[in-house]
Amino acid sequence: MNQPARAATDRCPGVFDTHPAADGALARVRLPGGRIRPDQLETLARAAADHADGHLELTVRGNLQLRGITDVEAVAQAVVAAGLAPSSSHDKVRNIELSPLTGRIGGVADARPLAAALDDALRADPAAATLSGRFLFGIDDGRGDIAGRRPDACAVIRGDTPLAADVLIGGTAVGSATGTEAIVRALIAVAAGLGEVSPGAWRVRDLDDDSRLRLAELIAPTLDPVIGADPGAAPVASEEPIVGWFDQDDGAVLLGAVVELGRLPARLAEFIAAVQAPVVFTPDREILLCDLGEGVAETVVRVLAPMGLIFDAASPWAQVSCCVGAPGCSSAHAPVRDDLVARVQDGDPVEEREHWVGCARGCGSPAESHLSVQATPDGGYERRRR
């Protein structure tokens, strides 16, 4: 039996279809795999400074948001000029999470080419334009960091020569595929099958058990039924933040950092872009500066740490996050950002990941287990583990 279509329209924002928040228009820029070039980051920073609230917000999917936009058209033009929104029809469907360290530190194989091939295929497929902006693809290089977030359609690489991957639907392995083309075809088949099994569904988690079974049956022809590894023995990713100094497999240096409240000031973003190194934004709102020489890395830490880039994995800001709260969101019951800053400044230790939200919608909540601190109508907060 199919799940009924959702009654509400998917209002997930994009670049051309912004969200009218209480603090102004909000645009979300999709970064497949969280990857961005320095020149692209510089363009977004200037757009945020000139036409928004002066910050780039880091999202739970490794994307960026601009809030308080005063000129939506100018921001859209800047994003398009930077090559970050290839088309208005496919702007919101390029939701691809990728193992952040892939190709640089560990992993079964470099998963970046596979993520790029998936993005190319999505943009070339007219039918993909009908996908919900909430549907999530995942490419896991075998370490388990993305599969653990239970994307709607996920490939977990099991072999490098030839490239082979298990295909997961909502976290459940249903088969495997060999070769980039076959893996991409299977992932897109999951997205197409969701619309066939339950028109109007946004995510695989919207389906009941019977509908999930039907979806698995629909994509079975694209898969090898043999799963590469026992799903129960799948790798478990480290829960340690990617914050600090890391040695890449090729001898270069990778710096991981966070910023207070997950808000990157435009001026700081311009300085990061000036390093002229590849940048990756992770689903844990970390900022990775990659492929650095030791001397450059030392200079980056010395110059950017005083500007607010936090390279200390023990910082509370490596473990806490929040939604915008009031007054930026009309649904929020409390000024969440202010309250979270006060919580951090109080000095009480942060012993687990916390996410503070202004209402029951829980915007920006991490996919993994965490302590949810939710504002209540009476002005207090309710804490629960999710």
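Analyst: Axes here are lines fitted to C-alpha atoms, for helices over the stretch in contact, with angles running from 0 to 180 degrees between N-to-C directions. This is a predicted model, in which local features need pLDDT of at least 70 and side-chain atom pairs pLDDT 80 or more, while totals for chains, interfaces and linings use all residues. Residues are numbered from 1 along each chain as its sequence is written, and side-chain values use heavy atoms, without hydrogens and water.

Helices (H or I, at least four residues) and strands (E, at least two) are DSSP runs, numbered from the N terminus. The axes of α1 (residues 38–51) and α6 come within 8 Å and cross at roughly 165 degrees. That angle makes α1 roughly antiparallel to α6 (the cut-off is over 145 degrees). In contact (heavy atoms within 4.5 Å), residues of α1 including Pro38, Leu41 and Glu42 meet a set in α6 that includes Ala266, Ala269 and Glu270.

Helix α6 (266–274) is also among the elements that cover the buried residues of α7, together with β11 (244–247), β12 (253–257) and β15 (287–292). Those buried residues (under 20% relative accessible area, 1.4 Å probe, protein chains only; exposed is over 50%) are Ala297, Val300 and Leu304. They cover an arc of only 60 degrees around the axis, which puts them on the same side of α7; the arc is that of the directions from the helix axis to the C-beta atoms. Glu294 and Arg302, on the other side of α7, are exposed.

Notes
Angles under 35 degrees count as roughly parallel, over 145 as roughly antiparallel, 65 to 115 as roughly perpendicular and the rest as oblique.
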